[in-house]
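User: Could you walk me through this one? I'd like to talk about the packing and then the domains.

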Amino acid sequence: MFSLLADKLQDVFKDLRGHGKITETNITDAMRAVRMALLEADVEFNVAKGFIARVKEKALGEEVLRGVHPGQQIVKIFHDELTALLGGDNEPLNLEKPARIMMVGLNGAGKTTSSAKLAMWLKKQGKAPLLIACDLHRPAAIEQLATLARQVGVPCFTPPPGEKDVLKVGRLAADWAKEQPGNVQIYDTAGRQEIDEPLIQEIKALREFLQPQEVLLVADAATGQQAVSVATHFHQALNITGLVLTKLDGDARGGAALSMRQVTQRPIKFAGIGEKLDQFEPFFPDRLAGRILGMGDIIGLVEKA
Amino acid sequence: MAFGFFKSLIQKFSGKPVDWDELEESLIRADLGVPMMTRIMTALQGREDAEKLTAETVVKVAREEIIKVLPRDSVTLRPLASKTKVILVVGVNGTGKTTSTAKLAYFLQRKGHSVMLAAADTFRAAAIEQLGVWAERLNIDIVKGQYNSDPAALCYEAYQSADRKNVEFLICDTAGRLHTKTNLMGELGKVKRVLAKADAQAPHETLLVVDATTGGNALQQAKEFHAATGLTGVIVTKLDGSGKGGCVVAIQNELGIPTRFIGTGEKMEDLAFFESRQFVEQML
Ligand SMILES: Nc1nc2c(ncn2[C@@H]2O[C@H](COP(=O)(O)OP(=O)(O)OP(=O)(O)O)[C@@H](O)[C@H]2O)c(=O)[nH]1
Ligand SMILES: Nc1nc2c(ncn2[C@@H]2O[C@H](COP(=O)(O)OP(=O)(O)OP(=O)(O)O)[C@@H](O)[C@H]2O)c(=O)[nH]1
Ligand SMILES: [Mg+2]
Ligand SMILES: [Mg+2]
């Protein structure tokens, strides 16, 4: 299977095959095709532009390989570069004591589910996670986390009924955690829009109080052009330490991840790949790179040539 | 707010010749989809005065092109003469179905209609409790079942109950599901078939809930849900965020499915009819 993009590029490079170099003149149309492909994959406009300019430098002067469509070759260059960008400095979770992890993000991104999934994943790694409900906003959010905690089999802190002060809940939860045998605390927080100033201030205060080792921004793989705004605002307010990309089991191309990675310079640490609690794994940059470019097994083809 | 997209366009271009790249950027930022963007660009570039367009012209043309695509009048929700009208609410995970179900109930309630809810998400943790809290706040009847029970059977039961009580609207909240999962999409098909046994026309409305922050994938979502359930409209949510909701223009442009309601917050009153002119003027 060739990728859509490689197919398009194939036409652009019809005459170049096997004899020629990639040059400024023959690459222009190709770059436009790549740019469109990235935009259609929801990579943010400026991020796409900058990325293409950098990769173009690399591609110029390269010999077009025999037996390979130049289109595929270009896609391969992009793929490798994208993988590097998405995967650079991928660190494990920082679990230094008191090992607090805060989950933050837009409404409905998958924070509560990912909190429970992370607890399950940590449990499998031999840790003793604790789940802490700090969403005092959404109807039945606490019940949702408590149910998932039961399914995972980990203790869950639930705020006193009717409590609306999230800082107070943070304080109570931190005290509770000290009495528990668990050694990693996962704080699920309410969803919020990044431009909702009062709600952003609220979570900022919680972050300052908790001083967590990890602040993970949970983002839906189908996020569009606003990914940059979302990541920028959350990062400015909370100094996030990493990203969790959810709903990758769908067919969203996931270009938003590139933008978020780019503007925060923080690694994507985990991927959500289903609604079930075990459908969660460390993030694989090369898979997402292939997906953003909409490609099949081009890499193999190019490497054989 | 998502407002002022065109305002920023005007500021950017006023007094300067049009920078096509920048214009393209502004349009793409709105998640209108590449075909819609191309359509606007073509309309602009095809003009005799293309070389010396003013910012105002650019904005006018872009708005006109979008308005052309959107429906002129919004279709209202009227009760049926002697039967319960069933509204099925569907969509991918986390878009705002449950909240929109509650908001829609409040919207109809305020117009003096009687409403009943069906908690047909029997899958997600605490989904039934979530809708239950809303029902309590709104003081309306809700039909609930057991977790992991058949949503189709629950909707059927809810219909019977609503019909018996002469309730005008029954709104069924369903579980989030990705449009790529054939078995889950099949489950929705079953909900429709079972409802049709009670009333051949039911569900009378099938509304897809789309998150305004969604990019190109929204179109794919609409396509698959339309194929599985025959959508009659879209509810676009979270327009109080920075998402422009341009994806609903793409859905209308490429699939012909109209947007009916907009969601602008987490509270019950944060729902309104979609008005295309207002949408284009204020939001795009
Ligand atoms: N298919 C799929 N669904 C997911 C994934 N992660 C989360 N979900 C679903 O997405 C929906 C929203 O997830 P939640 O965990 O409630 O999201 P949230 O961010 O906590 O939402 P709020 O607290 O309301 O902001 C639920 O239906 C989840 O089951 C994933 O990786 N794949
Ligand atoms: N800011 C904002 N948040 C919204 C809006 N509509 C829904 N939400 C929030 O989005 C999150 C998800 O909403 P739900 O109604 O649970 O979404 P859902 O589609 O039912 O989710 P699943 O059933 O898990 O698939 C919640 O935090 C809601 O409060 C809106 O218009 N604006
Ligand atoms: Mg949550
Ligand atoms: Mg729901």
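This is a predicted model: local features need pLDDT of at least 70, side-chain atom pairs count only at pLDDT 80 or more; totals for chains, interfaces and linings use all residues.

User: How many residues does the largest nonpolar core have, and which have the most contacts inside it?

Analyst: The largest nonpolar core has 138 residues, and those with the most contacts inside it are Leu38(A), Phe78(A), Leu86(A), Ile292(A) and Leu170(B). Because domain 1 (5-69) and domain 2 (85-274) of chain B both give residues to this core, it lies between them.

User: And what does Ile292(A) touch?

Analyst: Leaving aside residues up to four places away in sequence, Ile292(A) touches, among others, Leu38(A) and Leu86(A), and its contacts also include Arg253(A), Gly254(A) and Gly255(A). There is also a second, separate core of 26 residues, which includes Ala119(A), Ala149(A), Phe270(A) and Phe280(A).

User: Switching to the domains of chain B, what area is buried between domain 1 and domain 2?

Analyst: About 800 Å² is buried between domain 1 of chain B and domain 2 of chain B, with carbon and sulfur atoms giving 63% of that area. On the domain 1 side, Asp31(B), Leu32(B) and Val69(B) lose the most area to domain 2 of chain B, together 52% of what that side buries.

User: Which element gives the most on the domain 1 side?

Analyst: H3(B) gives the most to the side of domain 1 of chain B that touches domain 2 of chain B, with 3 residues.

Notes. Residues are numbered from 1 along each chain as its sequence is written. Chains are lettered from A and ligands numbered from 1 in the order in which they are written. Side-chain values use heavy atoms; hydrogens and water are left out. A nonpolar core is a set of buried Ala, Val, Leu, Ile, Met, Phe, Trp, Tyr and Cys residues joined through side-chain atoms within 4.5 Å. Buried means under 20% relative accessible area, exposed over 50%, partly exposed in between (1.4 Å probe, protein chains only). Domain bounds come from an automatic or database domain assignment. Contact means heavy atoms within 4.5 Å. Buried area is the accessible area (1.4 Å probe) that two parts lose on being put together, summed over both. Helices (H or I, at least four residues) and strands (E, at least two) are DSSP runs, numbered from the N terminus.
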